[in-house]
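Hi everyone, thanks for coming.

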Amino acid sequence: MTAPATNDAAQLARYGNALTGLAAGDAWGYQVEFTSYASMPAYPVAAPAGEWIISDDTQMTLALHDALAEAVDFADIPAVTDAIIRHFVLWQVDPDNNRAPGRACMGSLHRLRAGARWYDKDGARESAGCGAVMRLVPAAFAPEPYWRGLTALQAVITHKHPRAIVPALLLADAIRHAPERGGLLLEHALAEADRIYDGTSDWLTDPYLADVLAPYRGDVSSVLVDGLNDEVVDLLITAAETCDRLRLLDPADFGDPCAGIGEGWESASAIALGLLAADLATSECGTDAAPLTGPEALAWAATSNGDSDSIACIAGAVIGAAHTAPDYWHFSGLTPQFEPRYTAEIAAAAGQLPGASPAE
């Protein structure tokens, strides 16, 4: 790897907490993914009884982890691209890929398997679906100077659209900086949007991000601004206003997380809802406790009128990433029992940060 990678204990703990939170939220929401809010079995939906069954959200996250672990040098963008596509295709043909996978992911990978490149007209689909964001945790933990470019790359391989790229970058930024942004995640996302608009964001001059996006569009600024203008900022503002309103209520009165924001089937509303739940489950250092515990936030995020598993998995990833001590979810009272295959795969992934050698 060109840049040094750290296996710092706190970072490794954060990564494990993020992966566990993602999988737990995924399984919690997957129980009711296509259930309307009015038809929920409980308010909030209870945690899974017995084995926790994950969906494509966790499966693709693990595929991305394996791809980044396989990559020898992140600076070699074609090689990293090939690794991500290879592992996504392995997921596509896996017998366990029978859990309502997204059409954009499946359609794009079908085209890439046929020989198209993601940036070709007949390559990745021009979709803003939430598949671009629900799986990105490994990219968010990649070392400098690669994490932004890898976040964009994993998105465009299946979702070639500014409304997918920009939410992915905003979510990765939130995950990367979650410990110091507790309770203010939406505020920081909006601040980054302001910096993009006024031309001061580091993202605009990130050479690796520019190299990743060059085959799609040579001007990074236009991609970022087009994404923000495509309702991304509007949804973040609405989610921030909702967060302020909910902080004044008893959690029993929160209601449907999706109300007034969107249903999370596409990337922009998915990250707005995930960050909303995470903001309500984290707090600034030295301030009063958050309105929700981590497990309560997963329950609330899952009890939604939209893409319950993706909303809850994003919330779980961000909440987990905010905690630097190992086994956050266990100490918060949550001990999910995943299927044996995924218990082993999550544990293996949690033991190695993306970009760190196994020996570190």
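Let's start with proline 145, which sits in the loop between helix H5 (137–140) and helix H6 (147–156). When I say helix, I mean a DSSP run of H or I with at least four residues, while a strand is a run of E with at least two, and they're numbered from the N terminus. The peptide bond from glutamate 144 to proline 145 is cis, with omega near 0°.

Quick housekeeping: this is a predicted model, where local features need pLDDT of at least 70, side-chain atom pairs count only at pLDDT 80 or more, and totals for chains, interfaces and linings use all residues. Residues are numbered from 1 along each chain as its sequence is written, and side-chain values use heavy atoms, with hydrogens and water left out.

Back to prolines. Tyrosine 43 and proline 44 are also joined by a cis peptide bond, with omega about 0°, and proline 44 lies in the loop between H1 and helix H2 (56–70). Why point these out? Because most peptide bonds are trans, and most residues other than glycine have a negative phi.

On that phi point, alanine 100 has a positive value, near 55°. You'll find alanine 100 in the loop between helix H3 (77–92) and helix H4 (103–113). Aspartate 327 has a positive phi too, near 60°, and its loop runs between helix H13 (308–321) and helix H14 (328–331).

How exposed are they? Alanine 100 is partly exposed, at 33% relative accessible area, and aspartate 327 is partly exposed, at 48%. Here buried means under 20% relative accessible area, exposed means over 50%, and partly exposed is in between, using a 1.4 Å probe and protein chains only.

Now the rings. How many aromatic pairs does a search of the whole structure find? It finds 11. Rings of Phe, Tyr and Trp (its six-membered ring) pair if their centres lie within 6.5 Å; planes under 30 degrees apart are stacked, over 60 edge-to-face, and the rest tilted. Tryptophan 118 and tyrosine 119 have ring centres 5.3 Å apart and planes at 85°, so that pair is edge-to-face. Tryptophan 118 is buried, at 4% relative accessible area, whereas tyrosine 119 is partly exposed, at 31%. Tyrosine 328 and tryptophan 329 make an edge-to-face pair as well, 4.8 Å centre to centre with 70° between the planes, and both of these residues are buried. Finally, ring pairs link Trp28, Trp52 and Phe338 into a cluster.
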